[in-house]
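Reader: I'm new to this one. Could you walk me through its aromatic rings?

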Amino acid sequence: MNCHKSISAILSIGISAIAPILPIVTPQVATALAPAEVNAIAKEITVRVDGPTGNGSGVIFEKKGSTYYIITNWHVVSQTGNYHIVTPDGKRHPVYYSLIKRMPGADLAVVPFNSTENYRLAVLANSPTSEGKKLYVAGWPRSGGTLQQPILIVTEGLMTRRQAPWNGYTLVYSNLVRGGMSGGPVLDDGGRVLAINGIIQLEDKSDKIVAAGIEIDTFLKWRTTVALPTVPQDSRTAGKPQTGSPVNNSPRLPENAAFTLASAIEMSAGVVSSVAVAGSHFVSGNTDGSISVWNLPSGELKSTLKAHKDAVNAVAIASDGKIFASGSDDKTIKIWNLETGENIRILQGHSDAVVAIALSSDGQFLASGSWDKTVKIWNVKTGALLYTLVGHLGIVNSVTIGADSKTLASGSKDGSIKLWNLQTGELIRTLKGNSLSVLSVAFSPDIKTLASGSADGTISLWNLGNGQLIRRLSKHTDGVWSVAISRDGNTLVSGSWDKTVKLWDLRSGELKGTLSGHSGYVNSIAISGDGQIIISGGWDRQIKIWKRGS
């Protein structure tokens with residue numbers, strides 16, 4: 001995620017340059033405490049991190065306004081999804097995934113959450129620990145037996161040695177550590193946090209798994225170089241326990257938003273990662289590796305394809321409705337016959353997951369964006385790789401092709417948008433007006449305006465004639481993962497991890513309506529060619545079909 005910001009964008013997401021004033025004490029003044037006192041401190045500063053694949057632990061170390069910050073292991077939060085921080089008082093606090101900050105070069109991340117409660121902050125200290133010194137490790141493993149409930153434990157042990165850094169891990173100790181305790185604190189006998197715990201295989205040419213920690217001085221050196229984001233205020237969730245939200249099929253809809261919910265489709269397996277529409281069909285890509293083909297406007301399932309070995313991240317349909325394409329975590333792109341479901345060809349060349357694809361309106365070109373930081377341009381009919389476009393410094397999250405079949409835009413985690421000549425691969429211009437990841441891009445039909453959605457919840461509108469920012473739209477409260485513009489060029493539609501779909505007047509930037517009904521992140525949206533139907537897909541395994549009212 002990456003500093004030019006408008007006032008509206010700053011107010012929208014609350015990004016602020018938080019001075020790195022940290023609670024550090026010097027080793028010489030530490031006073032040894034009784035084990036019960038250290039245990040009490042550990043229980044007050046250790047949180048549980050609940051996520052899509054289980055739970056981990058974290059340490060509350062800093063506060064700015066009503067935003068608290070925890071340190072945890074990156075591997076605890078590395079999988080995109082819904083996360084909650086469970087504080088020592090048992091309250092559950094939702095996490096804006098787009099605001100998680102990963103520390104480069106170490107298995108650490110900072111996770112912000114919002115609360116009006118008063119929680120204890122950990123005292124962080126550079127580690128003077130030598131072999132044989134007593135250490136305490138706290139965390140939230142799962143209990144034994146059939147219940148398998150997370151429980152908070154604190155274990156005692158001794159430092160055994162220091163190891164050459166591996167992903168930041170240097171401190172090795174004898175404490176009993178179990179799954180679920182990753183990200184928890186390693187404390188000395190003064191109750192100070194010296195390291196963040198993990199379980200790793202450190203020893204060369206050995207299968208031995210050891211408990212090891214990343215020492216706090218490694219984290220503090222990085223912390224002084226970065227600003228941390230604050231969480232947007234939300235009166236509905238601040239300080240309240242969060243439980244799963246039921247699917248709401250009666251969405252709140254302003255009178256001037258002319259779309260209403262026609263139907264909601266519940267998928268049996270896999271998150272809906274992408275949707276695309278053309279003619280009388282739409283296609284959804286799913287994280288279980290399947291692709292579903294649907295009829296419009298009925299929403300009737302036409303076919304399900306066992307398409308990829310891994311998650312399908314992106315789908316695109318040709319404007320003539322005859323073929324569609326899919327991109328996957330398995331690093332491949334596949335082209336399909338929409339009517340028969342036949343796999344026409346497989347495109348291979350990316351060295352990492354394919355997360356974005358686009359087809360040109362003339363049917364000649366396919367563009368793909370990948371975690372390998374490249375954009376590739378392919379000949380649709382032959383499958384030949386024409387160009388590999390290099391220049392982004394981060395994951396390429398989104399690609400789009402203009403109606404002229406000549407202009408390509410790509411948005412990246414490095415915070416930039418690049419405009420390319422689709423037919424030559426030449427870089428035309430780089431747009432950079434936001435510090436966070438660019439998640440989605442879309443051209444207006446006349447190719448005079450580009451809309452881009454960002455991880456901070458804002459949408460930027462760009463003048464493609466001069467590359468200048470026209471305006472920034474800031475009503476979403478979490479990352480905007482999908483944007484689309486109607487064929488008449490009047491309406492911009494956006495889908496966000498704040499679980500809403502929003503409709504905007506493209507020319508004025510005015511918010512025309514909000515479609516609320518998803519109970520999970522909205523990953524993808526699409527608009528039918530006649531502008532009468534909007535399709536949205538999300539983490540709640542729901543596809544929703546919205547129809548324009550009479």
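Author: Happy to, starting with a charge and a ring. The charged end of Arg-48 sits over the ring of Trp-140 (CZ of Arg, or NZ of Lys, within 6 Å of the ring centre and within 35 degrees of the ring normal), here at 5.4 Å from the centre. Keep in mind that this is a predicted model, where local features need pLDDT of at least 70, side-chain atom pairs count only at pLDDT 80 or more, and totals for chains, interfaces and linings use all residues. Residues are numbered from 1 along each chain as its sequence is written, and side-chain values use heavy atoms, with hydrogens and water left out.

Reader: How many aromatic pairs does a search of the whole structure find?

Author: Rings of Phe, Tyr and Trp (its six-membered ring) pair if their centres lie within 6.5 Å. Planes under 30 degrees apart count as stacked, over 60 as edge-to-face and the rest as tilted. Searching the whole structure that way gives 12.

Reader: What is the angle between the planes of Trp-497 and Tyr-521?

Author: These two rings are stacked, 3.9 Å centre to centre. Trp-497 is in the loop between β36 and β37, and Tyr-521 in the loop between β38 and β39, 24 residues apart (strands are DSSP runs of E, at least two residues, numbered from the N terminus). The angle between their planes is 5 degrees.

Reader: Is Tyr-521 buried or exposed?

Author: Buried means under 20% relative accessible area, exposed over 50%, partly exposed in between (1.4 Å probe, protein chains only). Tyr-521 has 3%, so it counts as buried.

Reader: Why is the pair of Tyr-521 and Trp-539 edge-to-face?

Author: Their centres are 6.2 Å apart. Because their planes stand at 80 degrees, the pair is edge-to-face.

Technical notes: Helices (H or I, at least four residues) and strands (E, at least two) are DSSP runs, numbered from the N terminus.
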